[in-house]
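Colleague: I am new to reading protein models, and I would like to learn how to go from the overall fold down to single side chains. Could you take me through an example step by step?

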Amino acid sequence: MNEVIRKLNIDEIPAFVDIALNAYPAKAVPGPEFRERQITRFTHNQENMPTVQYYGLFRDNRLIAGMRIHEYTMNLYGRMIQVGGVGQVAVDLLHKKEKAAKQLIEFFISHFKLKGISLLLLYPFKPDFYKNMGFGYGTKMNQYRIKPDSLPRAAEKHGLVWLDRSHQDLIRDCSDRQATSTHGMMLKTPYELNSLFNAPGKRLIGYMEDNKLNGYISFTFNSISSDNFLLHDMVIHEFVYETPEALQQLGTFLHTQSDQINRIIWTTQDDTIEYLIGDPRNGSDRILPSVFHESHTSGVGLMYKIIDIEKFIIELAQTGAVYSSKPVTLHFKVTDSFSSKQPNSFALHIEQESLTISMQEQRGTRDDSVIELDISDLSSLLMGVVDADKLYQYGKIKTSDPQVIALLKNCFRRVNKPVCTTAF
């Protein structure tokens, strides 16, 4: 059997679209028109979007699976680094359970490792599947369902404008300014900008001040009653604000929609929205013991994998996020069963904001001082998603010396959870 994974030619795009539509039927609209629109969109991306490319797995010259690979620039604790992402992983229904998805992810990892990339990201269709491949969980996403008039309203409304494609440079600049100041966020690519204006029913409202866009909301409407065409929920897809004034004015816009909007569905990694709104309840009327009103639901989504530990540590060292007032050396043994049969052993040397890594086995290291963990948990730990002491309590970090965990947590006390608003 002959197998190869390679970039798709334009005449192979229709076959991949058919595979994707069958793999994700909930996203498909019946009829040939939708298929043709997808073919046009995928073809345009392949020909015109340098940060987005489609790859396929061929067996005996027949396409049986494919994926979409992304290149991004991400904020790592204040330093912009290059990262890789993957989406639209789709397998022909006739070839499910034949390890096609595993082969695609193996190629995805090796593709970016050859490019010198240290960190990969993906949204999992099945979190445990990718956890077993060494991807660690990112920051949870929270969905609030807010009554419009629960948002604060400014005494005076000003600076609000409709946004269209003519404003795309302002939108990109606004988003990128937030990205460069927020750990985990990524610069907006042409592919992402294009999708803002191509998605059916999507609308954009912005807040302008002195010809500068300081915030914007991307949203759609969902009808919630077949008996009342006036009643909708508003679904927010992106909510960016740089200043308190921008948030107040955009919040005022949302507040004033209460006559036709039942609930504002706001999906965000900010889990403190109850401090912004008047009524934090989400309309479920569920009470958690003893008396806790349900305010939002949460989900696990974006996952990270460090594919080059030494390169990632070198990049991390330039951020100043890791600190120790006294010289500290931490010894690690990291397992990545998906990519290697042998664990990676290395040492981190930390003195104030200086961070260096030694990949060689450390002679004279006491066995009880070694920190053992999986690459998935190391990825979450170094990205600031989870604390070392939690991983230790859960048995995900193994060491015979609990004081090592205190040292590790202290050195990483400056890190904060990543935020990501990029969908791919």
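Modeller: We shall begin with the whole chain and then turn to a helix, to rings and to charges.

Modeller: Please keep in mind that this is a predicted model, in which local features need pLDDT of at least 70 and side-chain atom pairs count only at pLDDT 80 or more, while totals for chains, interfaces and linings use all residues. Residues are numbered from 1 along each chain as its sequence is written, and side-chain values use heavy atoms, with hydrogens and water left out.

Colleague: How many helices and strands does the protein chain have?

Modeller: Helices (H or I, at least four residues) and strands (E, at least two) are DSSP runs, numbered from the N terminus. The protein chain here has eleven helices and 20 strands.

Colleague: Which residues of helix α1 are buried?

Modeller: A residue is called buried under 20% relative accessible area, exposed over 50%, and partly exposed in between, with a 1.4 Å probe and protein chains only. In helix α1, which runs over residues 13–23, the buried residues are Ile13, Phe16, Val17, Ile19, Ala20 and Leu21. The cover over the buried residues of α1 includes α2 (32–48), β2 (52–59), β3 (62–76) and β4 (79–91), where contact means heavy atoms within 4.5 Å. Over the protein chain, buried residues make up 49% of the 424 residues.

Colleague: How many aromatic pairs are found in the whole structure?

Modeller: Rings of Phe, Tyr and Trp (its six-membered ring) pair if their centres lie within 6.5 Å, and planes under 30 degrees apart count as stacked, over 60 as edge-to-face and the rest as tilted. A search of the whole structure finds 16 aromatic pairs. The rings of Phe219 and Phe253 have centres 5.9 Å apart and planes at 45 degrees, so this pair is tilted. The pair links distant parts of the chain, since Phe219 is in strand β10 (residues 212–223) and Phe253 in helix α7 (residues 244–255), 34 residues apart. Both Phe219 and Phe253 are buried.

In Phe239 and Tyr241, the ring centres are 5.5 Å apart and the planes at 80 degrees, so the pair is edge-to-face. Phe239 counts as buried at 12% relative accessibility, whereas Tyr241, at 27%, counts as partly exposed.

Colleague: Where does the charged end of Arg6 sit?

Modeller: A charge sits over a ring if NZ of Lys or CZ of Arg is within 6 Å of the ring centre and within 35 degrees of the ring normal. The charged end of Arg6 sits over the ring of Phe58, 4.1 Å from its centre.
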